[in-house]
Amino acid sequence: MHIGNILLVASTAVLAVAAPTIEKKSKAAKKFQWFGVNESGAEFGNTALPGRLDKDYTWPPTATIDTLVGKGLNAFRVPIMMERIIPTSMTSTTLNATYESGMTTYINYITSKGAYAILDPHNFARYYGKIIDDYSGFEAFWKTLATVFKDNKLVIFDCNNEPHDMGSVDLGKLMQACINGVRSAGATSQTTSSGNDKALVGLTDPSDKLIYEMHQYLDSDGSGTSATCVSATIGSERLKAATAWLKANNKKAVLGEFAGGANSVCESAVKDMLTYMGANNDVWLGALWWGGGPWWGTYIYTSVSGNVLPFKKRDVSATYSTSWASAISQANNFVNQLNLTEKVGIVTGGSGFCIGNIAAIPRVGFTGICLSDGPTAVNRMDLVSIFPAGLTIAASWDKDLMYQRGFALGSEFKAKGSHVGLGPVAGPLGRSPLGGRNWEGFSPDPYLTGIAMINSITGMQNAGTQSSSKHFIGNEQETQRTNSVDANGDNIDAVSSNIDDRTLHELYLWPFADAVKAGTASVMCSYNRVNETYSCENSPLLNNILKNELGFQGYVVSDWFATHSGAKSANAGLDLTMPGYIDSTDPATSYFGANLTEAVSNGTVSVARLNDMAQRVMTPYFLLGQDKNFPTLDPSSYCVLEVEYETQLPVSERYSFCNTPARDVRSDHATIIRNLGAAGTVLLKNSNQVLPLKTPKTIGVFGNDAADLTDGLTFVDPLPLPGFDIGTLDVGGGSGSGRHTYIVSPIEAIKSRARSIGARVEYITSNAIISTNDFHSIYPTPDVCLVFLKTFTTEGYDRTTFEADWNSTLVVSNVAKRCPNTVVITHSGGINTMPWATNPNVTAILAAHYPGQESGNSIVDILWGDVNPSGRLPYTIPVNASDYDIPIANFTDATIANAWQSNFTEGLLIDYRHFDAKNITPLYEFGFGLSCTNFSIKTPLTLSTLTHTPSTFPASNQPIAPGGNPDLYTPLLNAKTSVTNTGSLSGSTVVQLYVSLPQASVPAGTPIKVLRGFEKVPLNAGETQTIEFQLVRRDLSYWDVDAQNWKIPTGQFTIAIGFSSRDLKSSAEIDML
């Protein structure tokens, strides 16, 4: 904290941050780019240098980051000490390992939330107490420090040493040295800043992104030592001179420190100052509250969400250790060192203690690659987190949370020593509502799934873990998903998903294109056949579409045992076969391995193709820097596999490994999981505003899903439907599941809340007892009856009914007969019918999906109003099961090898598209969800074209890039509206945009409308926010089968904005050609 008058002689800083790509807002809204807080701890004990962790200094708890991000803050200034990070001399390049570890962990945690981390050596321009007059040494220090984070675009390098009493030191020269050091570190695409002293006017920045930092406190001397503010207008008064200086010199600034006491005068002064800055946001880009001292007041949160301060959302971007081009070059150099046998080893799964392994090659220093199951946890390992399912994340409609989940998951994979996390899931998309693995994916809408894939992949890979986007493609049912052998020993082929070209491109391929554009490391080919050819040996899919049309640069890996040939698969585009061997009973035999070696030797597979396979496998390894200091595999994973599969390791290995405690990689992810679980809960019914619960004195809890698990914390695999009886369900079954360390059941969390409010809890958690109408243990009738239902879904099985499991309808009916205030909560991995939804005694319904290990806490947060429900359905709930007409293909009694055929004759018309086309009224439509406040869209939708005369087809003169023709992603149309919170509570809504193509000029089977944009918008009561959407060429095109290209049709498009697919508030028409 700077002491003294700092308006005109401001503290100086050089800030190096990514040039932000942010959501466009109306200028009238007066938004800041940054709003945040200073976090202290790492600069404590500055008389004891370098100092000792947790004695002389500490790192702030990451839980505060979660709290403050949840309140709307997006920038965190972290003071550090120069002597602690580089303790020997400013010119040294050796960092203090302990301090660096704490620093990088904390900074990376902040940026994992999508927030900016401001790295601030808080030294008052001194090094070990001596005034810094060594300009070259100061430049060298900044080059070394900036190198650590040069590729993290959300890190800000703040040279704010708060210089004072500098004698003859040239302050401008010192700050210029900082800029030069940051730039020479490779942080060249970033912004820089300094103060407004005359000596700093002439600073130059080769990237031309100079920003100035100033401080302002509101007490009498501006020192920040008093919680008393001079007046309600002192802030704006003191900033006027600085604002004039900024405008006169054409500079921009951020208020790096400010504070006011927790009293009414200071509250008014702070809001006055921020309003003034917002009115001058052409020069003021943001502000950071000083978090220490007597100043903190909760009113700052309301300022964050008010008219002046909501920060602008960033676009997701990758922050890898190198570029794809450089990684490809490194991979080629690596492969060129290998002999034929070693190259084949890179593309053939080997032995090891991960679920998938690429064997080490010690001769060239390669330690191997570990692949672990996802996408909800690091499966088959101990002390990991169980995250909410993909379906739950889709129900949040929150892009930032999608990213956070991906980053946290990726962090756990990496910390366990796993290079590849097998996820996220774009297939199954959800063609059939009864699909057994729909819960692993996101939504039957390809646009929503695509956005979730982008954010999940970017999060995982920014954390240092390779993603594996799966299952490519048409893997829409579990029944006969792979081949089998009948009673006579004859082969019965896997089901064939027969998909026409347009449906493939516009529906099932769409999210995989997004995955490729996001830079996914690998794509997993699926078990099933597509148009009667197994996916993993399907050259039209793997070579023509995935690698050529979409420009995929990574590797194609088979699902486990999904390879059916050697040379044929390799030539068709399969790069890596897993687990390597053909059958678990014969681990020495592989379709690749020796067979591939022979195929290359005899020319059936070319050497060039083998090199390409190996290079593709190795490229992401170098892309993510996994060749340097990657964590070793957690030794306890060996023991977990032994327990999981009830096998036994040799005694010597069991003693060595199974006495080793598991490596705990969970960090504080429980907080993220709790928030995600609440965000993915959809309020479907709320009669008479019964939620949030007011002051119930007697709470009834019913249903087997409410209880603690009685059969153990880890599901048996495989676990047939309907799963286990007693115990809550927070995740599905199969390879996408995980081993719980703990689970907070609903009844545990409800009891805890009840104790805190002096309420009693009555309960029956046996559905069998409830179904017999035996309620003799319940007295008095509860003020509210909470009924918990579950639907188990798992890999290997498809569901057979739409209703929730365990006699759920009778359970709800019997409880509701006795309780006029019955609230039903469902934990389900798919779509359920709700025949009890219209029962007047069922006053509220919450679809909580699979919320992860914090399940009980997440639902209690919703029930008692700690969190205002903001989830929206990522699918359509029907009135009757017959409203859906896409059954699971079943030819169980067939004896013909090719009998299993699933014809996708519905084309593009799945989920809400089907309901629209057939004019079927759903029970709850796609995109629907209630809040405990109200929202309105009253501003007419306005459209503006961004290209004067777009061509019918995308430009053909551009090379294919990841995602396909780059022109497909050219913005063509801008749509703008505003949304208002008209209720009395703060809350978030999801504004959705749907496109209707001109029906007269598109082929038959074109949906009436399709989702092409959404934004989750947090609003205070009475607040209005402007929302803008940019639609790219692909959003406004259909796949022309004859032209084999994306085509913009002639005629008028209808663009509609609303709160669900059936609640559209404003629309406009436009001709694009």
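I call a residue buried under 20% relative accessible area, exposed over 50%, and partly exposed in between (1.4 Å probe, protein chains only). The model is predicted, so I keep local features at pLDDT of at least 70 and side-chain atom pairs at pLDDT 80 or more, while totals for chains, interfaces and linings use all residues. Numbering runs from 1 along each chain as its sequence is written, and side-chain values use heavy atoms, without hydrogens and water.

Entry: T392. I found T392 in helix α11 (residues 390-396); helices are DSSP runs of H or I with at least four residues, strands are E runs of at least two, numbered from the N terminus. T392 is buried, at a relative accessible area of 0%. Contact means heavy atoms within 4.5 Å. Beyond its neighbours within four places in sequence, T392 touches L676, G680, A848, H849, Y850 and P851.

Entry: the sheet. Two strands pair if DSSP finds at least two bridges between them. I traced an open, mixed sheet of 6 strands, ordered β12-β13-β14-β15-β19-β22. β12 (356-358) and β22 (555-558) are the edges, each pairing on one side only. From one strand to the next, the twist averages 25 degrees. Strands β15 (residues 466-472) and β19 (residues 522-525) run parallel, joined by 3 bridges. In β19, S522 is opposite S468.

Entry: UniProt, in an unreviewed entry, puts "domain: Fibronectin type III-like" at residues 989-1061; its positions follow the numbering used here, feature names are shortened, and annotations may be inferred rather than shown by experiment. I get 0% helix and 58% strand over residues 989-1061, with the end C-alpha atoms 14 Å apart.

Terms used: Axes fitted to C-alpha atoms, helices over the stretch in contact; angles between N-to-C directions.
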